[in-house]
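This briefing is for a reader who is new to the structure. Please look at the sequence and the structure first.

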Amino acid sequence: MGISQTNGYKKYMRSDKWRKKRLERLAIDKNKCQTCHEDGSTYSLQVHHATYDRFGDEDMSDLITLCTQCHDAITNVFRARRDQGDIAVDVYQSDNFTRE
């Protein structure tokens with residue numbers, strides 16, 4: 001089961017509300033990847049949703065700053081575990097996501 005990005009998701013991720021929240025999380029994390037401490041000079045920084053439970057109205061605790069390398073690695077681990085049935089994955093269901 002995966003998450004498909006829909007127009008609602010994409011629209012939110014381009015919104016001023018998300019940009020503000022993203023900048024706030026980056027500031028909290030001192031503009032460093034919380035896994036490897038990359039400062040964005042080698043790999044760009046991304047703000048990752050640890051959960052989609054409050055998507056669109058996230059708490060700061062729902063988000064974490066990761067560099068692109070760590071973000072990809074973490075995403076790949078969770079996808080592999082999910083695909084192997086090792087973990088249960090809650091998929092956010094709303095107008096923003098659909099089940100595959």
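The notes below cover backbone angles in one loop and the cysteines.

The model is predicted, so local features need pLDDT of at least 70 and side-chain atom pairs count only at pLDDT 80 or more, while totals for chains, interfaces and linings use all residues. Residues are numbered from 1 along each chain as its sequence is written, and side-chain values use heavy atoms, with hydrogens and water left out.

**Loop between α2 and β2**

- Lys30 sits in the loop that runs between α2 (16–28) and β2 (45–49); helices (H or I, at least four residues) and strands (E, at least two) are DSSP runs, numbered from the N terminus.
- The phi angle of Lys30 is near 55°, which is positive although the residue is not glycine.
- Lys30 has 65% relative accessibility and counts as exposed (exposed is over 50% relative accessible area, buried under 20%, partly exposed in between, with a 1.4 Å probe and protein chains only).
- Asn31 also belongs to the loop between α2 and β2, and its phi is near 50°, again a positive value in a residue other than glycine.
- With 41% relative accessibility, Asn31 counts as partly exposed.

**Cysteines**

- The structure has zero disulfides, a disulfide being a pair of cysteine sulfur atoms within 2.5 Å.
- Cys67 is in no disulfide, and the cysteine sulfur nearest to its own, that of Cys70, is 3.7 Å away.
- Cys70 is likewise in no disulfide, with the sulfur of Cys67 as the nearest cysteine sulfur at 3.7 Å.
- Cys67 is buried at a relative accessible area of 1%, and Cys70 is buried at 13%.
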